[in-house]
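Thanks for coming. I will go through one structure this morning, residue by residue where that helps. Please have a look at it before I start.

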Amino acid sequence: MSARYMQPLRILIQCLFNGFVIWLGFRFYDFIQMATAVGEKNKLIRPAGIDGFLPISGFAGTVSWLKGGEINTIHPAAVIIFVTVILISLLLRRSFCSWICPVASVSECAWKVGFRLFRCNWRLPVRLDVLLRGLKYLLLSFFVYYIGVAMSPDALSRFLQSDYHMVADVRLMDFFLHMSHFALCVVLVLLVLSFVLRNPFCRYLCPYGALLGLTAMFSPMRVTRNAERCVSCGVCSQVCPTYIDVMHKSSVASPECIACWRCISYCRFNEALSMRVVRRFVVPGFVFAAMVVLLFIGGTMIGKFSGHWHSSISLKEYVRLLGK
Ligand code: SF4
Ligand code: SF4
């Protein structure tokens, strides 16, 4: 069965998640505005899902939990979302990047617009590309060493209970609402580059993507090519947003594969390419899509129903931290 429907389906799911994220952002903004204006009389509830924007908090909370602590009660949803995304990568490769992540969605939109305008996307020379791809692993190593190795359980616990961490969400919102000139320039440069290069932030700078890519290498699921059906037309390699030479592989193990299904969707030859578990069992597209959505929502639901979702920071504390 053709998998052409997978691209419209993936874009629909990206749009739904993006719409949800925008709605969350507005709800959080209203909550902070109201808490700043009326203090403890604020009747709005902080949307805990906003913790999804705090992957460092999620990582620190997970490390603290693994080192024998409890799931931190300051931003528990950050831990739940972080662990859920890691588990999704273990099973469904970096599907979080191509189906859910709002940064990757914007980036994908940009390079597609760039492709329409210029009839191509630029590709950096191979050596420079490899060198720059190393940056995200360097950033990841820094966080892993600093948070995972250098910080003792006590130091982690102090960080998680600190005022700084308590309002990390507010700081992040402030960062975007009142950007310094330098930060604005960096964001604009990345945005402009995204029109001519495919996903430069994800490919070169995102440590979260680096971690998910390394995790995905243990996934039993891979894009697999059937050499007997393949006519070596090269379309799969051309449409791959991460420039994997799919046509010359028997299966794609690269940590750069974001499980977007573009190669499978555009291959015209029946069963030449498919997503398979341990190279044998074919995974139908709609099953893969349903698993991405259900695992992400299911993970957050487990967090909610197990009482690890809403922050324990009281409104009084929040108001104090906001300087009211
Ligand atoms: S698009 Fe399909 S037929 Fe063409 S090279 Fe790739 S796997 Fe082979
Ligand atoms: S190999 Fe296929 S699924 Fe993986 S990133 Fe490239 S196009 Fe997407």
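Arginine 46 is found in the loop between α1 (6–38) and α2 (55–66); helices here are DSSP runs of H or I with at least four residues, strands are runs of E with at least two, and both are numbered from the N terminus. With a relative accessible area of 8%, arginine 46 is buried. Buried means under 20% relative accessible area, exposed means over 50%, and partly exposed is in between, using a 1.4 Å probe and protein chains only. Arginine 46 touches Phe28, Phe31, Asp51, His75, Asp169, His310, Ser311 and Tyr318, if residues up to four places away in sequence are not counted; contact means heavy atoms within 4.5 Å.

Before going on, the ground rules. This is a predicted model, in which local features need pLDDT of at least 70 and side-chain atom pairs count only at pLDDT 80 or more, while totals for chains, interfaces and linings use all residues. Residues are numbered from 1 along each chain as its sequence is written, chains are lettered from A and ligands numbered from 1 in the order in which they are written, and side-chain values use heavy atoms, with hydrogens and water left out.

Next, alanine 77, which lies in helix α3. Its relative accessible area is 0%, so alanine 77 is buried. Leaving aside neighbours within four places in sequence, alanine 77 is in contact with Ala48, Asp51, His308 and Trp309. Glycine 52 is 25 residues from alanine 77 along the chain, and their C-alpha atoms are separated by 7.1 Å.

Now the cores. A nonpolar core is a set of buried Ala, Val, Leu, Ile, Met, Phe, Trp, Tyr and Cys residues joined through side-chain atoms within 4.5 Å. Which members of the largest one touch the most other members? They are Trp99, Met275 and Phe288, out of 63 residues. Helix α3 (residues 76–92) gives the most to this core, with nine residues. There is also a second, separate core of 13 residues, including Phe28, Phe31, Ile32 and Leu321.

Beyond four places in sequence, tryptophan 99 touches Met6, Arg10, Ile13, Gln14, Phe17, Ala259, Cys260, Trp261, Phe288, Ala289 and Val292. Take tryptophan 261 from that list. Tryptophan 261 sits in the loop between α13 (235–239) and α14 (262–266). Its phi is positive, about 70°, although tryptophan 261 is not a glycine. Is tryptophan 261 buried or exposed? It counts as buried, because its relative accessibility is 3%.

Tryptophan 261 also brings us to the ligands, being among the residues around ligand 2.

Ligand 1 has 13 residues around it, of which Cys230, Cys233, Gly234, Cys236 and Cys267 come nearest. By class, the shell of ligand 1 has 10 nonpolar, two polar and one charged residues.

Serine 251 is in the loop between α13 and α14. At 9% relative accessibility, serine 251 counts as buried. Apart from residues up to four places away in sequence, serine 251 touches Arg222, Val223, Thr224 and Arg279. Valine 223 is 28 residues from serine 251 along the chain, with 5.6 Å between the C-alpha atoms.

Arginine 279 lies in the loop between β2 (273–277) and β3 (281–282). Its phi is near 65°, a positive value in a residue other than glycine. At 46% relative accessibility, arginine 279 counts as partly exposed.

Last, phenylalanine 305, in helix α15 (residues 285–305). Phenylalanine 305 is exposed, because its relative accessible area is 72%. Its C-alpha atom is 45 Å from that of asparagine 121, 184 residues away along the chain.

Methods
A residue is near a molecule or strand if one of its heavy atoms lies within 4 Å of it. Ala, Val, Leu, Ile, Met, Phe, Trp, Tyr, Cys and Pro count as nonpolar, Asp, Glu, Lys and Arg as charged, and the others, Gly among them, as polar.
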